[in-house]
Each structure stands twice: as C-alpha cells, then as structure tokens.
Amino acid sequence: MGIIGSTIQPFKATAFQAGKDFFDVTDEDLKGKWSVFFFYPADFTFVCPTELEDMGEKYEMLQGMGVEVYGVSTDTHFSHKAWHDSSEKIGKLKFPFLGDQNHVLANNFGVLREGVGLADRATFVVDPDGVIQIMEITCEGVGRNANELTRKIKAAQYVRANPGQVCPAAWEEGSDTLAPSLDLVGKI
C-alpha cells in the first residue's frame, strides 16, 4: 500500500460536531493545517468509544499544535449525532465526526472492508500540503493509543520544520535527533 507521501484525494463529507449544525468538510478545508483522520468501524460499538474517548482527551492539546481531528466511520452524520446524544463517552467529544456512508473517504484511504461496508480501524496524519505522512491500521479488536499518535505527530512536525533532521526510535519532543550522513552509516 503506497499511501505514505501521496496527496489526499478530493472529498466532501457532512460532519457532526457538538454545539454546531451539520456542516460540510472538503479536502480544500485541510489546506494549511495538519489533520488526523481517525477511522473506526461503526458507531454504537465496543472498542471504538474507548479509542475515541482517548483521542478526545488529547484533542485540546492537538488543536494547540495546529492539528484538527476527524472521527470517520461509514455511518451517517445523523448516526454520529444520535451516538453523541446517547453515549456518555461519545457525548464528551468535541472533534468533528465525518459521515462516510458513500465510502468515498474509506476508499480514498484504502481502508474499506470489501463486502462488509465498514472501515478498518485506521489512522492517517495529513500535513498542511495535503500529503499523508503517517498511517496506522490495526485489527478489529486492538484499540489505538492517542499518546503514541501525538508523539508521532510531534515528530512529523519536527521533521517538517527541520529539513535534514530525522527522529530516531522512541523519540520524544526535546530529545536528540539525527542528521543522516555517510559518517553515520554503520555507527548507529
């Protein structure tokens, strides 16, 4: 799957966000900012609310980093609102949820389960130029970790802001980075 480094494909989806009317989001809305597409299989399920709540706990910090988060499933924006209004965990969330009932986003990102109509549990980080920098796909029963995603976003933002530098394994903000060169080959 050669999606890293590719540009996000055109889309238009209707969103639900707490405290707002339904509104459309398009690929044009992403320009100039970082975005996270947080795909999950379906509303009213079991692992999904735990992951979404975990992401919600990082939402304010991510917004401070210039990152918008979009929860995405193949449900409609109406279903997202109903879930928000009936679930204690989901009711606390402030980021927008995109309805993808026509499977445009799930197909664009290559995460639609053929014959099932649901998206895989997948995360994509898109940079301000619309280029996909990070992706993670996990199996149905394994939830994701918003702390690790936040660490990866900080690393991607660092690398973008510091050409010629790379972040080694387990890099944390403020840690040493590397400047790849022939002098380092075989010494790390």
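Student: What should I know about the model before we start?

Tutor: The model is predicted, so local features need pLDDT of at least 70, side-chain atom pairs count only at pLDDT 80 or more, and totals for chains, interfaces and linings use all residues. Residues are numbered from 1 along each chain as its sequence is written, and side-chain values use heavy atoms, with hydrogens and water left out.

Student: Why is Ser35 called buried?

Tutor: Buried means under 20% relative accessible area, with a 1.4 Å probe and protein chains only; Ser35 has 0% relative accessibility, and therefore counts as buried. Ser35 lies in strand S3 (residues 34–39), a strand being a DSSP run of E with at least two residues.

Student: Which residues is Ser35 in contact with, leaving aside its neighbours within four places in sequence?

Tutor: Taking contact as heavy atoms within 4.5 Å, Ser35 touches Leu30, Glu68, Tyr70, Phe124, Val125 and Val126.

Student: What makes S6 and S7 a pair?

Tutor: Two strands pair if DSSP finds at least two bridges between them, and S6 (residues 121–126) and S7 (residues 132–138) have six, in the antiparallel sense. Val126 stands opposite Ile132 in S7.

Definitions and conventions: Helices (H or I, at least four residues) and strands (E, at least two) are DSSP runs, numbered from the N terminus. Buried means under 20% relative accessible area, exposed over 50%, partly exposed in between (1.4 Å probe, protein chains only).
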